[in-house]
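Work through the exercises below with the sequence and the model at hand. Try each task before reading its solution.

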Amino acid sequence: MSGSILVVDDNADNRDLTQILLECEGFEVRMAEDAAQALCMLGNYRPSLILMDVQLPGIDGLELTRRLRQDPSLQGVVIVALSAYAMAAEKENARAAGCDGYITKPINTRTFASAVQQYLAGPHADAAR
C-alpha cells in the first residue's frame with residue numbers, strides 16, 4: 001500500500017496509534033493537532049487523503065472540511081471523518097460537510113489500514129468499523 005495521508009486529531013494517543021498502523025502498511029503519514037496546524041501544512045503539502053477528527057478544538061473538523069472543499073487545489077483530496085459518534089445523523093453531517101466517508105472510533109486496529117486503502121482506491125463506500 002502507498003499514499004500520503006494527513007491525520008488531523010487533537011488527541012496525541014489517537015495520532016500515535018493511527019500513525020503506527022498506517023506507516024506499518026507503507027503509507028506516508030503527517031500529523032496535525034488542530035485546524036490551524038492542518039491549514040498551515042496544506043499550504044505546501046497535498047496528501048492523497050485526510051483523516052479528519054470531527055471534534056477538534058476551535059474550528060471543528062466539519063467546519064475545516066467545508067473550508068477545504070472550497071479550495072480548488074484540494075478538490076481531489078479524499079477526506080474521511082473520524083468520530084466516536086456512530087449515529088446516522090453524525091455520518092450525514094459529515095457527508096454534508098464534504099467528507100467522502102466516515103470511520104468510527106475507537107478504530108479497529110485489524111481493519112483500519114485496509115479501510116483507509118479502500119477510500120484511496122475509491123469509490124468511497126462507508127468503511128465505518
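Predicted model: local features only at pLDDT ≥ 70, side-chain atom pairs only at ≥ 80, totals over all residues.

Residues are numbered from 1 along each chain as its sequence is written, and side-chain values use heavy atoms, with hydrogens and water left out.

**Exercise 1.** Find which residues of helix α4 are buried and which are exposed.

Solution. Step one: α4 spans residues 88-97; helices (H or I, at least four residues) and strands (E, at least two) are DSSP runs, numbered from the N terminus. Step two: Glu90, Ala94 and Ala97 are buried, where buried means under 20% relative accessible area, exposed over 50%, and partly exposed in between (1.4 Å probe, protein chains only). These residues lie on the same side of α4 because they cover an arc of only 65 degrees around the axis, taken from the directions from the helix axis to the C-beta atoms. Step three: Ala88, Ala89, Glu92 and Ala96, on the other side of α4, are exposed. Step four: the cover over the buried residues includes α3 (61-69), β4 (78-83) and β5 (101-104).

**Exercise 2.** Describe what follows α4 in the chain.

Solution. Step two: Asp100 sits in the loop between α4 and β5. Asp100 is buried, at a relative accessible area of 19%. Step three: its side chain makes a polar contact with the side chain of Arg69 at 2.7 Å. A polar contact is a pair of N or O atoms within 3.5 Å; within protein, one must be able to donate a hydrogen and the other to accept it, and residues adjacent in sequence count only if both atoms are side-chain atoms.

**Exercise 3.** Which residues touch the most other members of the largest nonpolar core?

Solution. Step one: a nonpolar core is a set of buried Ala, Val, Leu, Ile, Met, Phe, Trp, Tyr and Cys residues joined through side-chain atoms within 4.5 Å. Step two: the largest has 23 residues, and Leu6, Val8, Leu42, Ile50, Met52, Leu64 and Leu68 touch the most other members. Step three: a second, separate core of 19 residues includes Val29, Met31, Val78 and Leu82.

**Exercise 4.** Where is Thr18 placed, and is it buried or exposed?

Solution. Step one: Thr18 belongs to helix α1 (residues 12-23). Step two: Thr18 is buried, with a relative accessible area of 4%.

Technical notes. Contact = heavy atoms within 4.5 Å.
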